[in-house]
Amino acid sequence: MSAASDDDIIIRVRGLTTRFGSQTIHENLDLDVRRGEVIGIVGGSGTGKSVLLKEIIGLMQPTEGKIEVLGQDVTADPEGRDIDLRQRWGVLFQEGALFSSLTLQQNVEVPMRELSDIPESLMEETARVKIAMVGLPPDSAVKFPSELSGGMKKRAGLARALALDPELLFLDEPTAGLDPIAAAKFDELIKHLRESLGLTVVMITHDLDSLYAICDRIAVLVDKRAKVGRLEELLADDHPWIREYFHGPRGRAAAAGKTA
Ligand SMILES: Nc1ncnc2c1ncn2[C@@H]1O[C@H](COP(=O)(O)OP(=O)(O)OP(=O)(O)O)[C@@H](O)[C@H]1O
């Protein structure tokens, strides 16, 4: 991909610093996400991947720095923010974060009720379209989360994240807890949705197979910053953590799977 113009940048993080008491998580971190790409965020445990995601979607405020999403400053006073912004992204939290007392259908309708003026009469049909879109059978619509398998719950969370036709999709460890076959199918689904819906996808993952299968670029959180590049570039990087991550046993297995 060639150098991105300003219009191509859908998320722009500049000079981000995050501290909790005396602990510094991010320090002067910069990151650009380009329109239409799938970018994977990786890093050791506690390097601040989930915190970064929460800051990008405005659930947490950084200590310093600026984050623009779809041209709007999400670090600004929430009062000054466009209320439409939340309609333009979808988030799949870890474990799907479904409401246990609601059916799958009702879960998918939640963002429509909270954030849109879709008429009641259209909600059911829209939810059914989203459920089909993520590859779940029609009869799963009436099931409660406790009646769904782990893989189905992830797909259900994805259907809810897609409820309002977002431009931008955030995924927090989407394949964690899935067996390798279910994880590979989920990767295929994300790839297909990205292509058919023109989504930009930001994905926190520990799954090297996903990085190989679907990510255009990877942001590695090391030394409190983000080192960003294409897979080939990171494979040639000599940072000790990055080397260990990509060239250790799991990295070699993922690379072998890709070329098998
Ligand atoms: N609300 C909070 N208050 C204080 N410390 C926090 C808070 N949220 C996160 N942290 C700390 O910030 C650090 C980064 O947390 P985060 O959950 O972003 O890590 P992560 O990179 O997603 O890790 P993992 O891969 O283990 O999920 C951790 O040390 C965590 O304890």
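This is a predicted model: local features need pLDDT of at least 70, side-chain atom pairs count only at pLDDT 80 or more; totals for chains, interfaces and linings use all residues.
Colleague: Which residue of β7 stands opposite Trp89?

Modeller: Trp89 belongs to strand β6, residues 89–92. That strand pairs with β7, residues 168–172, in the parallel sense over 4 bridges. Opposite Trp89 stands Leu168.

Colleague: On strand β6, which residues cover the side other than that of Trp89 and Val91?

Modeller: In a regular strand, side chains alternate between the two faces of the sheet. Both faces of β6 are covered, and Trp89 and Val91 are buried on one of them.

Colleague: How many residues of strand β8 are buried?

Modeller: On one face of β8, Thr200, Val202 and Ile204 are buried. On the other, Val201 and Met203 are buried. The strand, residues 200–204, is therefore largely enclosed by the rest of the structure, the count being 5 of the 5.

Colleague: Which residue of β8 is the bridge partner of Leu171?

Modeller: Strands β7 and β8 run parallel and are paired over 5 bridges. β8 also pairs with β3 in the parallel sense, over 4 bridges, and there Gly40 stands opposite Met203. The bridge partner of Leu171 is Met203.

Colleague: What is the bridge partner of Val42 in β9?

Modeller: Strand β3 covers residues 38–43 and β9 covers residues 217–222. The two run parallel, joined by 5 bridges. The partner of Val42 is Val220.

Colleague: Which strands are at the edges of the open sheet formed by 4 strands?

Modeller: The pairing in this sheet is antiparallel, and the order is β2-β1-β4-β5. An edge strand here pairs on one side only. The edges are β2 (23–34) and β5 (72–73).

Colleague: Which residue in β4 stands opposite Ile11?

Modeller: Strand β1, residues 9–20, is joined to β4, residues 64–69, by 5 bridges. These two strands run antiparallel. Opposite Ile11 is Val69.

Colleague: Is Asn28 buried or exposed?

Modeller: Asn28 sits in strand β2. Its phi is near 60 degrees, positive although the residue is not glycine. Because Asn28 has 12 C-beta neighbours inside 10 Å, and 12 or fewer is the cut-off, the class is exposed.

Colleague: Is Glu173 buried or exposed?

Modeller: Glu173 is in the loop between β7 and α5. Glu173 is not a glycine either, yet has a positive phi of about 50 degrees. Since 20 C-beta neighbours lie inside 10 Å, Glu173 counts as buried.

Colleague: Which helix gives the most residues to the shell around the ligand?

Modeller: The residues around the ligand include Phe20, Ile25, Gly43, Lys49, Ser50 and Val51. By class, the shell divides into 3 nonpolar, 6 polar and 1 charged. The helix giving the most, with 3 residues, is α1 (residues 49–56).

Colleague: Are α2 and α3 roughly parallel or roughly perpendicular to each other?

Modeller: Two packed helices are described by the angle and the distance between their axes. For α2 (residues 104–115) and α3 (residues 120–133), the axes are 9 Å apart and the angle is about 110 degrees. The crossing is right-handed. By that angle, α2 and α3 are therefore roughly perpendicular.

Colleague: How far apart in space are Ala141 and Val108, C-alpha to C-alpha?

Modeller: Ala141 is in the loop between α3 and α4 (150–161). Ala141 is buried, with 21 other C-beta atoms within 10 Å. In sequence, Ala141 and Val108 are 33 residues apart. In space, their C-alpha atoms are separated by 9.2 Å.

Colleague: How far apart in space are Lys185 and Asp223, C-alpha to C-alpha?

Modeller: Lys185 lies in helix α5, residues 180–197. With 15 C-beta neighbours inside 10 Å, Lys185 is partly exposed. Lys185 and Asp223 are 38 residues apart in sequence. Their C-alpha separation in space is 33 Å.

How values were computed:
Residues are numbered from 1 along each chain as its sequence is written. Two strands pair if DSSP finds at least two bridges between them. A residue is near a molecule or strand if its C-beta atom, placed from the backbone, lies within 6 Å of it. Ala, Val, Leu, Ile, Met, Phe, Trp, Tyr, Cys and Pro count as nonpolar, Asp, Glu, Lys and Arg as charged, and the others, Gly among them, as polar. Axes are lines fitted to C-alpha atoms, for helices over the stretch in contact, and angles run from 0 to 180 degrees between N-to-C directions. Angles under 35 degrees count as roughly parallel, over 145 as roughly antiparallel, 65 to 115 as roughly perpendicular and the rest as oblique. A crossing is left-handed if the near helix is turned anticlockwise from the far one by less than a right angle, and right-handed if clockwise.
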